[in-house]
Amino acid sequence: HIGHLSSFLICKRLYDHGHKPIILVGGATARMGDPSGKTTERALLSEEEINNNTRCIKEQLSKIIDFNSGKSNQAIMVDNNDWISKMSFIEFEREIGKLITVNYMMAKESVRSRFEREGCGISHLEMSYMLVQAYDFVHLYDKYGCKIQIAGKDQIGNCSVGLEYGRKRSGINDMCGWFIPLICDKNGNKFGKSENGKAIFLDGRITSSYEFFQFWLNQSDDDAKRFIKMFTLLSKEEIESLIENKDFLKKIRKNLLKI
């Protein structure tokens, strides 16, 4: 959905400037559910749903990022199920569980808030999510030299566990996170596929072209100014020029609709 699109466009910008995007799909973590920002546990997806989501994500991303350019920085897509599924529970716990304390995990907002919310709670499955994400980050660092994790701001806690794991396991000190403001509506609600049932998807089979068009067309002036910085590939100077122009809204919407 459009919440993902902001990070995909950052990958596109980095790719255009010579960096190598590594798109990570969560074949393993999708089987767990991320507690970040959630008040209840996510419904578990079936194997068929997870595999279909993976195929669709690559199909959608291929319209933005070239996975077959033949360049040295050609983008790749990897699935964390390819390495997580090969580890036994004991192997995983000995590899990372012994290095990350429960106290450290409890200090993260995504976990602590669920403990403190009456009648809510958090399962061991969801609590383990951040350990898998941490392992993924270090695995990609080891295999591809990946040093930057790009994600929404709700992933700060999960990413920091990866930094802690890398530091404790191998003394890695050059990994970092790049966090993007969450895309929210005028009421501050996150545009996510499981938040309010009103997500704007990138798949025309779910969100029609008309609905997609109307979403951008109906944004307020302030939101139009905000979104053009996140959802276009215009330069900073072009964006500032559009915003300063008295007909900026008309021009901004025209540029947003090009996506």
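Analyst: A helix here is a DSSP run of H or I, at least four residues long, numbered from the N terminus. The structure is a predicted model.

User: Thanks! How far apart along the helix are E164 and K168?

Analyst: They are 4 residues apart in helix α9, so about one helical turn separates them.

User: What makes E164 and K168 a salt bridge?

Analyst: The cut-off is a Lys or Arg side-chain nitrogen within 4 Å of an Asp or Glu carboxyl oxygen. Their closest N and O atoms are 3.4 Å apart, so the pair qualifies. Salt bridges with shared partners also join E164, R167 and K168 into one network.

User: Why is E164 called buried, and what is K168 called?

Analyst: Buried means under 20% relative accessible area, so E164 at 15% counts as buried. K168, at 37%, is partly exposed.

User: What makes D174 and K147 a salt bridge, too?

Analyst: Their closest N and O atoms are 3.2 Å apart, and the limit is 4 Å, so they form one. D174 sits in the loop between α9 and β4 and K147 in the loop between α8 and β3, so the bridge ties together parts 27 residues apart in sequence.

User: How do you know that the length of α8 agrees with its residue count?

Analyst: Happy to show you! At 1.5 Å a residue, the 16 residues of α8 should span 22 Å, and the end C-alpha atoms are 22 Å apart, so the two agree.

User: And why is α8 called largely enclosed?

Analyst: Of its 16 residues, 13 are buried, so the rest of the structure largely encloses α8.

Definitions and conventions
Residues are numbered from 1 along each chain as its sequence is written. This is a predicted model: local features need pLDDT of at least 70, side-chain atom pairs count only at pLDDT 80 or more; totals for chains, interfaces and linings use all residues. Side-chain values use heavy atoms; hydrogens and water are left out. Helices (H or I, at least four residues) and strands (E, at least two) are DSSP runs, numbered from the N terminus. The expected span of a helix is 1.5 Å times one less than its number of residues. Buried means under 20% relative accessible area, exposed over 50%, partly exposed in between (1.4 Å probe, protein chains only).
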